[in-house]
Amino acid sequence: MKKGTLRQVLLITDGCSNHGEDPIAMAALAREHGITINVIGILEENSPEYHQKGLREVEEIALSGGGVNQIVYTTQLSQTVQMVTKKGMTQTIHGVINSELQQILGKESTIEDLPPEKRGEVMEVVDDLGETMDLELIILVDASGSMEKKLATVQESLIDLSISLNSRIGYNQFALFAFPGKRDETELLIDWTPKLNSLTQAFTKISSGGITPTGPAIKAAINEFTNRRSKRRLITGDEEEYSEGSGF
């Protein structure tokens, strides 16, 4: 079995998108490109409006992007960032394995349909791949006005995530974008790196305020992955990757 690369987006936001492309449509486009969109919605206490519209959007973006979603209070963010990232990785691997099983055993077959002993063997493979596959993770941080007081907690959470993921055997690469940026809808704060140890410096560049261009941010992530893949193919030739519907 060949081990490819997991391509994931972690979207951290606390409100509803209000500018640019439809984020749900952009999440679906990302999924078509083999990119999984995972979403964390930071909940405001005493905010019934967010409970309705914002919660629904967070769920729909993740569903459309083939990922997972979680709504949390700021105090729970650090643990949640790690949980959602790892759960998203596992769900993507499940999707690939289920796709393979359907090709072999029929369209209705999934891991859950296997006999207990076979299911156990497959789950061991899932766990192994979760630790050994390479990971490319783009983090999209909402920098709209309502996020100003939450950005310090987001920064701490991402440092914890970096430490947690760097205990994996697989090779990790991170990139960090804020939206909106100072001059554009999105801004690259940290280019691809195996460690997020430059987070503190990067977060000083964020100027919170204004619109919430979630759709354009997801579109920027798709373009970043596409450009990165194209450059790599020019240098090394074709590459193996993991996405729902792809082969091993």
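Predicted model: local features only at pLDDT ≥ 70, side-chain atom pairs only at ≥ 80, totals over all residues.

Residues are numbered from 1 along each chain as its sequence is written, and side-chain values use heavy atoms, with hydrogens and water left out.

**Entry: the ring pair**

What does tryptophan 192 pair with? I found phenylalanine 225, in a tilted aromatic pair with 5.8 Å centre to centre and 50° between the planes. The rule I used takes rings of Phe, Tyr and Trp (its six-membered ring) with centres within 6.5 Å; planes under 30 degrees apart are stacked, over 60 edge-to-face, and the rest tilted. The count by that rule is 1 aromatic pair. Tryptophan 192 sits in strand β6 (residues 187–193) and phenylalanine 225 in helix α7 (residues 214–236), so the pair ties together parts 33 residues apart in sequence. Phenylalanine 225 is buried too, with a relative accessible area of 1%.

I also checked for a charge over the tryptophan ring. Arginine 228 lies over the face of tryptophan 192, at 4.2 Å from the ring centre. The test asks for NZ of Lys or CZ of Arg within 6 Å of the ring centre and within 35 degrees of the ring normal.

**Entry: salt bridges**

How many salt bridges does the structure hold? I get 4, taking a salt bridge as a side-chain nitrogen of Lys or Arg within 4 Å of a carboxyl oxygen of Asp or Glu.

Glutamate 136 pairs with arginine 7, the closest N and O atoms being 3.4 Å apart. Glutamate 136 is in strand β4 (residues 134–142) and arginine 7 in strand β1 (residues 5–13), so this bridge ties together parts 129 residues apart in sequence. Buried or exposed? I looked up both ends: glutamate 136 is buried at 4%, and arginine 7 is buried at 1%.

Next I looked at aspartate 14, which bridges to lysine 150 with 2.5 Å between the closest N and O atoms. Aspartate 14 is buried, at a relative accessible area of 5%, and lysine 150 is buried at 6%.

Then there is lysine 219 with glutamate 21, at 3.1 Å, N to O. This pair links helix α7 to the loop between β1 and α1, 198 residues apart. Here lysine 219 is partly exposed at 36%, and glutamate 21 is partly exposed at 29%. I also noted a network: salt bridges that share partners join Arg7, Glu136 and Arg228.

**Entry: the whole chain**

Zooming out, I count 7 helices and 6 strands, in the order β-α-β-α-β-α-α-β-α-β-β-α-α. Both are DSSP runs numbered from the N terminus: helices are H or I with at least four residues, strands E with at least two.

Of the 248 residues, 52% are buried. The protein exposes about 11800 Å², with carbon and sulfur atoms supplying 48% of it; areas come from the Shrake-Rupley method with a 1.4 Å probe, and for residues only the protein chains shown count as cover. Among contacts (heavy atoms within 4.5 Å) between residues at least 6 apart in sequence, 77% join residues at least 24 apart.

Notes
Buried < 20%, exposed > 50% of the residue type's maximum accessible area, 1.4 Å probe, protein only.
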